[in-house]
Each structure stands twice: as C-alpha cells, then as structure tokens.
Amino acid sequence: MPPPFSGSTCSSSDLIHPPLNPESNIVAINVGGHFFQTTKQTLALAGSKSLLSTLFDSSQSDVPFIDRDPDLFSLILSLLRTGYLPSKAKAFDLQDLISESQFYGIESLLINSLSNPSQFEAFNLEKSLILPLNGRDPPAAITTTPFGSVHVAHGGKITSFDWSLQRKTTILTQFSAIDSLLALSPSVAAAGATDFSGLQVLDLDTGHVRTILNWENVTRSSSTVQAIGASSQFLFTSFESGRRNSNSIMIYDLQTFSPVNEIGHNEIFGADIDSAIPATMLNWVAGYNLLMASGSHSGPSGVQGNIKFWDIRTGNIAWELKEKVDCFSDMTISENLSAIFKIGVSSGEVYSADLRKLGDGNPWILLGDRMKVVNGKKAGAGGKIESYGNQVFCSREGGIIELWSEVAVENGGSKEGGLRLEERVFRKNVMGRVKDLGGGRVTKLAFGGNKMFVTRKDQQSVEVWQSTNKRPS
C-alpha cells in the first residue's frame, strides 16, 4: 500500500480498478482517466461545501470519477496538502487554476495561497503590472479588500479588478465625479461625492444602487459626503450640508444600513473655524475601540486642522489635537506600530505620534533629518502617506515613494525592571528598482493582499507593485 501523501498518479492502463476498503483512511479518485490516492483528512480540508468532501461515504463501492483535467487536479491536491501551489504551477495559466478551484469549491484556498496579506514583503516590492482604465478621467479614489481585489473611481465610473487582477468590470454611477469610495465586500462599495447629495451603497457587479443614505441637516439642504470609514459592525460617513454651514458624522449598522448614532454634529456660526472643518478622513482604530476623524482647512492664516478620537458609544471625544503649526497634508494610523503618521504641509517632513503617549503635550516626533523649505513653498502639499503591516509609505516630489520602518535602538540611559528602555527610531528607504523610480505625482496609495496600488496625476491607469516573495520553506 502506497503512503497517503505519495503524490503519485498513474494512468488507467497502470491501475484499472484499485481495491477499495470503506474502513481505510486512504481513498482513490479517478480524474480524467488518471487515478490519485490521498487521505480523507486531506479532502476534508476542502471544506464541507466542496465537491471533494461529498465524494466518499461508508456505502461507497466504486472509485469516483471526475471528468476534469488531471494535471490541474494534481495542483489542487498539492494545495490541499500543503496550503501552497507547487512550483510547477507556474507553467499553468492562472485563469485555468481559478476556474478549476471554483469547480471544486476551494477558490478561497487558492486566494489564500496567492494573495495573502502575510506574503506582503515591503522591501521586496517591484512594479509588476499596469491596470488600464477606460475613458479619460484619472483615478480620484481607490479602495481594496484584504485579499487584493481593487476598485477605482474615475469620473462617474467605478472599475473593479478581482483578487487575481484577471477579471475587470466597469459600472457607471449617478455621480458626475466620485470623491470617496470604500469597499464593503469584494462586490459591494459605498461611494459619495462632495457635489452630489447622499451616500450610495452600490453592487459593483450590476451597478444597482442598494440603498442611499442621507443626513437630515437643520437647513434641509443636500448632504454631501466628505469621507467614509467602517469597522466590522458599523459604517461611518462624514456629511456636510450643501450650504456648508453644518456637518456631522453618521454611524450606520453595516448589515442593515439603519442609523445607529450621530456624533460630531456642528452648526457653524460666524468665524468659528474649528466647527467649520468637516472630517475628511475616517479611520476605525479597533484596538482602542475609537473612531479617528480628521480634517483641515486652508485660510488667510494658513492651513489649520484637527484630529479627534471619538468614543462612538457615548459620542464623546476621547482625545483631540488641533493642528495649527505645520498642519498635516495627509495622515495615516498604524495599529501595528501604535502610532499616527503625518506629512507636514509646510515642511514636507514626516512625523509620528505614539498612540500610547497621546495627551502628553505636543505628541509629534520628527522622523529623519529636517528638510529645507525653499521660498516659503508648502513642500508637503499633495503628499500622500499610508501604512500597511509594519511599514509606512510616503510619496515625494518626482513621484518617488519612500518606505519608513521602525528599528530598535537601545537607550543607554535608565532601566525599568532590569530591562533597557528602547526609543522609537524610524529609517527610510526609497522603494523599487532603478527603472521603477520616478513618474508623475502620486495621488493615491492603497494596499491589499500582497500588493501595493499606486495612482498618479493625469494617468488613466493603476500601477501594481507586488512582492516577489517565494513560498516559505
């Protein structure tokens, strides 16, 4: 009797009808005239809804026959056994593998093996693909799902690419131009605009509008969308009245889209600049159970902004920072690094603030060396910054993307409990190979699976940067 993981195949001429023992843990399958042997436990890894889990029962007396390609099935079997595709899979077309995995009901296992966030290697990213968009409008918003499908708003259209980037679909919406876009699932997204009333929840396969969410403001004017965010339970939307004299953040149930709560409601009177700033970025901070809302405003005295952490249960602000000196051009939060990061609009410098030390005066710490400001130019205007995994990515003039990573540095000073304290130090690297460097100004950075997506000014396409990692040994 061969071992259960022999991986051997043989033609029907070699094995006409292998004897079956219903009590044995070893099973045989005839796929396209080739016989395979494996174990019931291996097939069980396909899941209860898979075709493979239904092949065997105690009354079975014959070898089950599946009229499919045996070479592709050998890859499917290897995927079940190890969680990875074997190296010989590179010789096969990816779409064939996807179709086969869908037939057997194990596409989720294939996705996990090829586009898993754990495979993301920031120092090993290379520009690998350009995704073209239809029409003349450059991308205005981009959103991803955890395993790498991506949706891009350009003009009033949304173009979607599945996790494999093989399948492309485009829908036309009611918006003249979409400014905010958030994926709620691989086939559903929330979209809004700063010149069109209401948040729309869209089916990205059909273009059907599932629901429209509006904010009833005091003046009964339109309610435009400034930002969208989500947690595992709630959908957050920052609204501003059409007359721009009031704003608020609405919280909806993510399943029913029923309103749950309203926070940060501001009615603007006179020159109250703080209340005039609607939240233009919403980020759920799961580890702290808080919603981070931030926004900025450019006026005669320069750019001012605020960052607020909201307790959505009580509607109270847990912590607030007013930005009056070198306000953020863009910002992001990393729970992995327990920090907020920003690009200063005036200096162009990158700063971090430790989430564990908020409330201790000015929280911002400069990363790297101080830059020189030339002729009063706002060096950080238009800069983009995003975090993914344990790294922070920052766009620079000339289309360059910097990668910031934390390095541990021992502090030679005090000790606590016999352990040396460590200070937080970040180092930067310029991303990509020489031929990948430069290009137009970066307008959006997004991440999903083991990929980074980049859009640039006046370009009707999306760059895909992918980890060239190999299967771990």
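Student: How many bridges join strand β19 and β20, and in which sense do they pair?

Tutor: Strands of a sheet pair through backbone hydrogen bonds, either parallel or antiparallel. In this predicted model, strand β19 (residues 290-299) pairs with β20 in the antiparallel sense, over nine bridges. As one example of a bridge, Met 292 has Phe 309 in β20 as its partner. β19 and β20 form a hairpin, and two residues lie between them.

Student: Which strand pairs with β20 over seven bridges?

Tutor: That strand is β21; β20 (residues 302-311) and β21 pair in the antiparallel sense. Here the bridge partner of Gly 305 is Glu 323 in β21. The hairpin of β20 and β21 has four residues between the strands, and Gly 315 takes a positive phi near 80° in this hairpin.

Student: In what order do the strands of this open sheet lie?

Tutor: The order is β18-β19-β20-β21, four strands with antiparallel pairing. β18 (281-285) and β21 (316-323) are the edge strands, since each pairs on one side only. From one strand to the next, the twist averages 15°.

Student: Why is β20 described as largely enclosed by the rest of the structure?

Tutor: The description follows from burial: nine of the ten residues of β20 are buried, so β20 is largely enclosed by the rest of the structure.

Student: Let us turn to the helices. At what angle do α3 and α4 pack?

Tutor: Helix α3 (residues 94-104) and helix α4 (residues 107-114) pack at an angle of about 140°, and their axes are 7 Å apart. That angle makes α3 oblique to α4, because an angle must be over 145 degrees to count as roughly antiparallel.

Student: Which residues of the two helices meet?

Tutor: From α3, the residues are Leu 94, Leu 97, Ile 98, Ser 101 and Gln 102; from α4, they are Glu 107, Leu 110 and Leu 114. The residues of this contact divide into five nonpolar, two polar and one charged.

Student: Next, the salt bridges. How many does a search of the whole structure find?

Tutor: The search finds 14 salt bridges. Arg 244 and Glu 240 meet through their side chains at 3.8 Å, N to O. Arg 244 counts as exposed, at 61% relative accessibility, whereas Glu 240 is buried, with a relative accessible area of 5%.

Student: Are Glu 463 and Arg 456 buried or exposed?

Tutor: Both Glu 463 and Arg 456 are buried. Their side chains meet in a salt bridge at 2.6 Å, N to O.

Student: Which parts of the structure does the pair of Asp 354 and Arg 424 tie together?

Tutor: The side chains of Asp 354 and Arg 424 meet in a salt bridge at 3.2 Å, N to O. Asp 354 lies in strand β24 (residues 350-354) and Arg 424 in strand β29 (residues 419-430), so the pair ties together parts that are 70 residues apart in sequence. Asp 354 is buried, with a relative accessible area of 11%, while Arg 424 counts as partly exposed at 27% relative accessibility.

Student: Which residues are linked with Asp 354 and Arg 424 in a network of salt bridges?

Tutor: Arg 356 and Glu 406 are linked with Asp 354 and Arg 424 in that network.

Methods: Residues numbered from 1 in each chain as written. Heavy atoms only, no water. Axes fitted to C-alpha atoms, helices over the stretch in contact; angles between N-to-C directions. Parallel < 35°, antiparallel > 145°, perpendicular 65-115°, else oblique. Contact = heavy atoms within 4.5 Å. Nonpolar A, V, L, I, M, F, W, Y, C, P; charged D, E, K, R; others polar. Salt bridge = Lys/Arg side-chain N within 4 Å of Asp/Glu carboxyl O. Buried < 20%, exposed > 50% of the residue type's maximum accessible area, 1.4 Å probe, protein only. Pairing = 2+ DSSP bridges.
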